[in-house]
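Below are a few friendly notes to read with the model open beside you.

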Amino acid sequence: MVAAMGAFSVEDALLKAAAATLPVAEILILFGAGGAFGFACIAVLTGDRLFSPDVVSRPMRIRVLFEVIGRLFYVLAISLIPLSAATVILQATPLVVVAGAALAFGEKVGWRRWAAIVIGLAGVVVIVQPGTDSFSVLSVLAIIGMIGFAGRDLASRAAPASLSTSILGFYGFLAIVVAGGVFALWQVVPFVVPGVSASLALIAAVLTGVAAYSCLMKAMRSGEVSVVTPFRYTRLLFGIALGVVLFGESLSMSMMIGSGLIVLAGLFILWRGERAKSLT
């Protein structure tokens with residue numbers, strides 16, 4: 001899980017670097033195509049079928065839709081706002097997943113966990129600071145991306161068990177290509193031939209993205225959820241460190257307070273969930 005979070009943070013930094021010279025739509029299309037090719041190769045080597053009736057099941061269609069929303073808006077966010085700020089907002093994803101599981105799947109969430117969800121989302125408000133001079137409407141892009149990723153995670157829980165990690169990864173990255181195509185129609189900015197630095201950044205982003213996704217699935221499928229899930233928050237440390245070191249970003253007091261609320265709320269929800277299981 002730590003390796004996955006580190007790799008995802010490196011992927012974000014590489015995509016942000018590529019966005020300095022390439023249109024976002026082009027980045028999404030090239031990145032998505034590269035990742036889809038990588039997972040297609042893995043599927044062929046492991047004997048998984050790329051196409052089956054389960055691929056077009058309702059949960060998978062919903063998953064692709066949320067993947068498009070999450071990837072499009074989050075890549076826009078990291079290209080336009082500080083990487084550290086986007087990473088911190090992304091950490092609210094588990095809170096939204098818990099709330100969504102209660103509403104969509106009828107999972108029992110007591111008042112304590114609902115209170116923690118509210119506190120964690122309040123942490124996002126502290127970071128964004130709406131109604132103040134520090135507020136940037138661009139930070140809403142990261143919030144929409146976070147909601148998209150939460151919806152993807154919820155849909156993944158309902159996806160057919162017959163679909164392997166490589167198949168989920170393949171279609172997840174194809175969704176990124178779709179996101180790039182949709183944004184290209186909206187933005188209408190001509191594509192450019194990537195320079196050497198942008199090309200290397202995209203290739204490295206694809207490799208780290210495939211590795212991160214594989215590590216994440218390995219952690220979630222082979223380790224105890226209660227043990228590995230807290231380590232998701234190491235992405236916060238990686239993202240902030242890369243933002244400060246590579247892009248010269250600085251941390252505000254509101255960002256530190258907000259991230260603290262988000263992490264504490266997430267860890268409390270996880271603890272309460274495991275405690276409820278032990279009592280039953």
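1. I257 is partly exposed, at a relative accessible area of 43%, where partly exposed lies between buried (under 20%) and exposed (over 50%), with a 1.4 Å probe and protein chains only. The residue is found in helix 12; helices here are DSSP runs of H or I with at least four residues, numbered from the N terminus.

2. Please keep in mind that this is a predicted model, where local features need pLDDT of at least 70, side-chain atom pairs count only at pLDDT 80 or more, and totals for chains, interfaces and linings use all residues. Residues are numbered from 1 along each chain as its sequence is written, and side-chain values use heavy atoms, leaving out hydrogens and water.

3. I257 belongs to a nonpolar surface patch together with V244, V245, L246, F247, L251, M253 and M256, and the accessible area of the patch is about 730 Å². Two or more residues come from each of helix 11 (234–247) and helix 12 (253–279), and helix 11 gives the most, with four. Patch residues have over 30% relative accessible area and no salt bridge, with nonpolar side chains joined within 5 Å and like charges within 9 Å. A salt bridge puts a side-chain nitrogen of Lys or Arg within 4 Å of a carboxyl oxygen of Asp or Glu. Areas are from the Shrake-Rupley method with a 1.4 Å probe.
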